[in-house]
Amino acid sequence: MSRESASADAGPETTSLSRLLAALSDRAWLLLGILVAVGALLPTLGLSGFYLTVVVQMYIFAVLALSWDLVGGQTGYPSFGNMAFFGFGAYTTAILLKDWGVEFFPAVLVAGPIAVGFALVIGLAVLRLRGGYFAIATLGVLLVSIQVTRNVEFTGGASGKILFDIPPENTFYYVFLAILAVETAVALYLTRTRFGYVLNAIRDDEGRATAMGINTTYYKTAAWMLSALFTGWVGGAWGAFNTFVDPQTAYNLGWNVELITMALIGGAGTVAGPILGAFGLTLAIFVVDTVFPGWQLVALGLVIVATVLLLPDGIVGTLEERATAMEYYEMGGEAAAETTSEMGGEAAAEETADATDHDMGDPEVSDS
Amino acid sequence: MAVTQFVVNGLLVGALFAAVAVGFALIWGVVGIINLAHGELLMLGGYVTYWLVAFAGGSGGEGSVWIALATVPVALAALYVVGYLLQRLVVTHVTDADLFLTLLVTFGVSIVLQQLAIQAWSATPRSVGAGFADPSVVLAGVFIPKIKLIAFVGAIALTLLLWGYLKTTRRGRAIRAVAQNPEAARLVGIDVAHTRAVTFGLSAAIAGGAGSFVAMILSVQPQMGLAYTLKSFVIVVFGGLGSIPGALVGGLLLGSVEELTAGFVGSQWTLAVSFSLLVVLLLVKPSGLFGRSVEEGEG
């Protein structure tokens, strides 16, 4: 969240909701530290077995949703093919572990950069497209990745690879927690720097950003590669965690939709949103899966439709909007206007997002 | 020799691709959304035919061709209703929203339809008895299965019917008016919401009709939809949005490319080849080969 919020010094009239949000935003680093510490303590407090797996799954999806959001939410390029990086990472680790005899940690570490290399090549082509064309082209990249992986020799073809000699479950827990913590820190830092503001500027009006002399291609590609780095890492660790990779699960199209939904439910274009959305929806899917086995995808589809129809700004976005609106009523127009202008990046950007909706639909190839 | 056979096979299947793509392009042009659930509508049409034939007890044998063909109007009507309701109940809420949200909503709808179909009919592929796949017509050494020829003619007929409807009827003119400028259409007294729902119904109906033929010549299974949606996208990008002749040529071409790929490289590579073609095409010529540029079609 890019808000260096003004509401903290706006006096006692501010609503508790906006004050809470502002306080959380100002102390985001402290909050992150506390949450990571709590997360790190969970296994020693007796979290194990099934529950540990659920929490690991929550971390995995949080990383995926946050990675997607760097490009989809912050930059406005909705990728439907992010799971391609995940699959690349998973296969990199699997091949290194099984065929090359590399140790677990180096194998996972390498998965990220390999995914980045792939992302660079793909990005040079697809990042020139916008809106629906970009979305479908990335979906195509994912499908082609599945098909290629299934049809070449060294990936084990359609039957995939089974992995042995995997570290204990707790190791994975800390690996996923570490990836999530590092990524959250990077995202928090970036959204408060020029880099983050440029990404939002690209989302709001890429033409104008270009006209201001910003090399948008450079920023788009950098965000895309960053997204691939973390997705590749989490994919690499997941491959070993799952002890099995095959094209259908490593490039999981369903997950790709899930992670977008998570970012959207939590609030696209924020840091906290995708993480909260991922935690919540992962839990919800586990519950549905336990109570009504086999129906979780139907529920997911209904959740997607309901989210878009009822909460298009997501939970975090809606809360922020409400907080801003309440400040407006309590402080009068002038002060509220001031707040809005000082909000900088994303909340103000959200307001302008409506105005730029049609740009999203522009199928033109952007000038890059 | 082999090449001719592959191309003919491709043309025969390509007409079906074209019919599906025309419906997809219609929604994109008129309602302004990319309907990612389009392939699922085709899947539902296929199941309508499969079930009606199964109930009529006519799988296999010469007579079943007529039973199967008689199910096409039923599939058209059923899917028209599905499409109309889909627009009225779901899509209408996002037509003015971010394009990305419409993609997500239609993807959500596609997941629901797909999973409900798995629950209802299981994931096993089904086909309408292969009994009438032969005899084949042999023309200059090229084999043409009769049923594929029937499907080819049917798909072309559906496409031409839609074209005629849009060109000649009053409702067709209203649809084209809404495509060009919804505001102006509203001003001259066109019920835009209803017209859009009718358009969605027509799009779903033609997809359902194509699904009927797919059930006859290939097979249907719940997860088949996405491939057809993506093929439609490739064809529309190739043919140019809003151009029915473009969609026809694009469909026939995609069918040929896929059959040639399947014949010479292996059928497991068809998707990779057609998608790589799409990405190259998007980068080289984003406006498509026929018709107006896609940007204009967006309005």
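The accessible surface of chain B comes to about 11300 Å², and carbon and sulfur atoms account for 67% of that area. The structure is a predicted model. Chain B has 299 residues, of which 58% are buried.

**Chain B overall**

- Chain B contains 12 helices and 2 strands.
- Read from the N terminus, the elements of chain B run α-α-α-α-β-β-α-α-α-α-α-α-α-α.
- Among contacts in chain B with a separation of 6 or more, 78% are between residues 24 or more positions apart.

**Helix H8 of chain B**

- Helix H8 of chain B covers residues 192–217, which is 26 residues.
- From the first C-alpha to the last, H8 of chain B reaches 38 Å, close to the 38 Å expected at 1.5 Å a residue.
- H8 of chain B is mostly covered, with 24 of its 26 residues buried.

**A nonpolar patch on the surface**

- Five residues form this patch: A:Val287, A:Val291, A:Phe292, A:Trp295 and B:Leu116.
- Together, the residues of the patch have about 470 Å² of accessible area.
- One of the patch residues, A:Val291, lies in helix H12 of chain A, which spans residues 272–291.
- The relative accessible area of A:Val291 is 53%, so this residue counts as exposed, the cut-off for exposed being over 50%.

**Another residue of helix H12 in chain A**

- A:Ala284 is also found in helix H12 of chain A.
- With a relative accessible area of 34%, A:Ala284 is partly exposed, because its value falls between the 20% and 50% cut-offs.
- A:Ala284 and A:Val54 are 230 residues apart in sequence, while their C-alpha atoms are 11 Å apart in space.

**A:Thr191 in helix H7 of chain A**

- Helix H7 of chain A runs over residues 169–191, and A:Thr191 has its place there.
- A:Thr191 has a relative accessible area of 8% and is therefore buried, since buried means under 20%.
- The side chain of A:Thr191 reaches two backbone oxygens: that of A:Ala187 at 2.9 Å and that of A:Leu188 at 3.0 Å.

Note on methods: Residues numbered from 1 in each chain as written. Chains lettered and ligands numbered in written order. Predicted model: local features only at pLDDT ≥ 70, side-chain atom pairs only at ≥ 80, totals over all residues. Heavy atoms only, no water. Helix = DSSP H or I, 4+ residues; strand = E, 2+ residues; numbered from the N terminus. Expected span 1.5 Å × (residues − 1). Buried < 20%, exposed > 50% of the residue type's maximum accessible area, 1.4 Å probe, protein only. Patch = residues over 30% accessible without salt bridge, like charges linked within 9 Å, V, L, I, M, F, W, Y side chains within 5 Å. Areas by Shrake-Rupley, 256 points an atom, 1.4 Å probe, with all protein chains shown as cover. Salt bridge = Lys/Arg side-chain N within 4 Å of Asp/Glu carboxyl O. Polar contact = N/O pair within 3.5 Å; in protein donor to acceptor, adjacent residues only side chain to side chain. Contact = heavy atoms within 4.5 Å.
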